[in-house]
Amino acid sequence: MAYFRQTDSLDDLRDQYKNLLKKFDFKDPKNAKILEEIEKEYKKQLVYTKMAPLRKAKNDFVRKLDEEERARVQAEHERAEYNAEIKRRTQMHYTREDCQNYLNAACRELKKYAYLKVQRNVESGSASTCRSDLYSFKMDGNRKTYINLRTLGKITKNNELARVIETGDNVEIAFVSLCNENNKDQMLRKLEEKLGAIYVNSYKEACEKYMDEVDYARTLAQQNKQDREEKIVKPFRTVSYAMARIVASIVFGTIAFGFIMVIFALFEEITKSKVIRNAIFVVGIVVGIFVARLVIKLVNRLLDFDQYREVTTRKTAYSRVTEGEKYDEIKKNENISKNTSGIVRLICRLLGIRI
């Protein structure tokens, strides 16, 4: 006989227990056997009720996993359909007139967005944002500015940038249909540079129109001052930068070569054969030169500050509608790299090596 109603509430279970004690008078010795059964069932129900939070957490976790899996499958399905649609559109026949019409539409949307952004900043009292944007345009250049704009719109799903992205997709697809694999990237770079220039120039026109005249004049004066200072300092910075790279290459290359030669010298001490020692010495020189070249390349790469102004392959792939599959490939390779490094780290830790 079941005395308790299954529940996840401790208070409800205790209330049921109290009611049973009243119903079967716990003071009456005749009810001792019934009360013993009630006590046993209460303890079982108590364990079940105390496990309720864990059951809820488990159910929530399973439900979340199911939702994430459904979302992942749906996203993959949509991505596959999207890539198929892009592939179909790039294989369509477009004329130069079509390209020009799409380009004009993209330019109109860029100009409209630039004016809207500046007007909103000025009306909200955030004119400093406009000054900051003008400075970033100068540092990044036209092409990177346009790619940053498209990447931001695709990541944030910004509704105001939707038309900019849509018209940009149209002109990109039309241009790609007239290109071959040899000149596609070059044409897209020129297109991105042109669209970036349209956006930057429109933004400057909007600043001149909506910003306070004195504030805008000060902004231009500050930029002109920075340009003059940059022009004066640039030759000295170029020379010092070149000297730093040469010195760093010599120092680190020599250290790397010397380190390899020391290692191979230790190997030479192991054998007494002159032929083997000479062979080890020659191999050491070759390996040392190879390692020194790698170290010099790495040092120059680290000192190459201009690389940080370039657009990364990932960002370019993400911003271009025709590079969707390439972006998927980049993400896949990144995941493989992360998994591989994780496995290597785990093996090293099992061997007692902390990395």
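When I say two residues are in contact, I mean that they have heavy atoms within 4.5 Å of each other. Keep that in mind, everyone, and let's start with one serine. Leaving aside neighbours within four places in sequence, Ser202 is in contact with Lys111, Ala114 and Tyr115. Ser202 sits in helix 8, which covers residues 184–210; helices here are DSSP runs of H or I with at least four residues, strands are runs of E with at least two, and both are numbered from the N terminus. At 5% relative accessibility, Ser202 counts as buried. Buried means under 20% relative accessible area, exposed means over 50%, and partly exposed is in between, with a 1.4 Å probe and protein chains only.

A word on where this comes from. This is a predicted model, in which local features need pLDDT of at least 70 and side-chain atom pairs count only at pLDDT 80 or more, while totals for chains, interfaces and linings use all residues. Residues are numbered from 1 along each chain as its sequence is written, and side-chain values use heavy atoms, with hydrogens and water left out.

Now the whole chain. How many helices and strands does it have? There are 12 helices and 0 strands. The radius of gyration is 35 Å, well over the 20 Å that the globule rule gives for 355 residues, so the chain is more spread out than a compact globule. That radius is taken over C-alpha atoms, and the rule is 2.2 Å times the number of residues to the power 0.38. Along its principal axes, the C-alpha trace spans about 105 × 85 × 50 Å. Buried residues make up 30% of the 355. Among contacts with a separation of 6 or more, 71% are between residues 24 or more positions apart.

On to the cores. A nonpolar core is a set of buried Ala, Val, Leu, Ile, Met, Phe, Trp, Tyr and Cys residues joined through side-chain atoms within 4.5 Å. The largest one has 34 residues, of which Leu195, Tyr199, Tyr203 and Cys207 touch the most other members. Helix 4 (96–123), helix 5 (127–140), helix 6 (142–156), helix 7 (162–177) and helix 8 each give two or more residues to this core. Helix 4 gives the most, with 9 residues. Not counting residues up to four places away in sequence, Cys207 touches Val118, Cys130, Leu134 and Tyr216. There is also a second, separate core of 10 residues, and its members include Tyr3, Leu20, Phe24 and Leu46.

Back to helix 8 for a moment, where we also find Glu193. Is Glu193 buried, exposed or partly exposed? Its relative accessibility is 36%, so Glu193 counts as partly exposed. Beyond neighbours within four places in sequence, Glu193 is in contact with Asn142 and Arg143. The C-alpha atoms of Glu193 and Lys144 are separated by 8.0 Å, although the two are 49 residues apart along the chain.

Here is a backbone detail. Most residues other than glycine have a negative phi. Lys157, which is not a glycine, has a positive phi of about 55°. Lys157 is placed in the loop between helix 6 and helix 7, and it is exposed, with a relative accessible area of 65%.

Last stop, helix 9, which runs over residues 213–270 and holds Lys231. At 69% relative accessibility, Lys231 counts as exposed.
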